[in-house]
Amino acid sequence: MRQAASGVLMIEPVGFRFSAETARTNRFMRAPEAAQNVQPLALKEFRGLVETLERASVEVLVRQDLPESETPDSIFPNNWVSFHEDGRVVLYPMEPPTRRRERRHDILDWLRDEKGFDLVEVVDLTHHEQVGRFLEGTGSMVLDRVNRIAYAGISARTTPALLEAFASRFAFSVVSFRTSDAEGDPIYHTNVLLSVGTRIAIVCGAAIPDLGERRAVFSSLESTGLEILDISMEQLHAFVGNTLELQDLEGEPLFALSDRALAALRPSQKKALERYGRLVASPIPVIEDSGGGSVRCMLAEVFLPRRAG
């Protein structure tokens, strides 16, 4: 069992824009001035990140969004799908209705038929949307795949009962908690405040206001042997917590993050991360501001086995 993937699925945007519907529960989003068309800028940033990851020897599997879908947030595929080492694929129920159109079975077919991945089973949880239960993939949950722990901040996009059902089906224990950003609002996704790597975890303790719940999170991380990098609320809002550990095709570890997040790290924090892998950064300010997510949100890790031969 690996914690870090060597391959990621990314969706190239064709209609990226600020979505007022999504912004209702995502306080990290900022509307551009004068209804600016941000799609060309976001596309340039997207392609720059793809190039940066490929130069770092990460396998990047790119599919273009469908223009007719009208899916402004499709650049963040980790919310609708996750890929597991046993060949299972999970499709998730999403709170914003526009985001539900992002789910695409043709991408699963492409991974199986053209890329040679072994898809054993598709676990479809999307029917929970009909009764108002949501679990937005590895945005809602930060998975410690090695120790089988699912960390989750409860929000409008993460329903506790569905979180427990997922954990039971996939043999994870759950560490759940309430969250709060600098304005006192719940944080929409767990992966904004927590990143669990192979040997180090980035967490914003200040974003877990209940001291008992904060201690439980830190204790769980420490019990699995992880060094903890506790970041400030200011660093949280610079998307430092949205860092993702990957490994290159030679198995060497790296941390993918944005230029904004890299600039927000203190020198001692950079050194702490660099003890466990090199830092691979790319500028994505338009995507961060208009989309409310950063590098980790753009990457759906592909842990699927490949078919023999």
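Biologist: Which residues are linked with Arg-30 in a network of salt bridges?

Modeller: This is a predicted model, where local features need pLDDT of at least 70, side-chain atom pairs count only at pLDDT 80 or more, and totals for chains, interfaces and linings use all residues. Residues are numbered from 1 along each chain as its sequence is written, and side-chain values use heavy atoms, leaving out hydrogens and water. A salt bridge is a side-chain nitrogen of Lys or Arg within 4 Å of a carboxyl oxygen of Asp or Glu. The network links Arg-30 with Arg-260, Glu-288 and Asp-289.

Biologist: How many residues apart in sequence are the parts that Arg-30 and Asp-289 tie together?

Modeller: Arg-30 forms a salt bridge with Asp-289, with the closest N and O atoms 2.6 Å apart. Arg-30 lies in the loop between helix 1 and helix 2, whereas Asp-289 is in helix 10 (residues 285-291), so the pair ties together parts separated in sequence by 259 residues. Helices (H or I, at least four residues) and strands (E, at least two) are DSSP runs, numbered from the N terminus.

Biologist: Why do the buried residues of helix 5 line one face of the helix?

Modeller: Buried means under 20% relative accessible area, exposed over 50%, and partly exposed in between (1.4 Å probe, protein chains only). In helix 5 (residues 160-170), the buried residues are Leu-162, Leu-163, Phe-166, Ala-167 and Phe-170. They line one face because, seen down the helix axis and taking directions from that axis to the C-beta atoms, they fall within an arc of 140 degrees.

Biologist: Which exposed residues does the face of helix 5 turned away from its buried side carry?

Modeller: That face carries Ala-161 and Ser-168.
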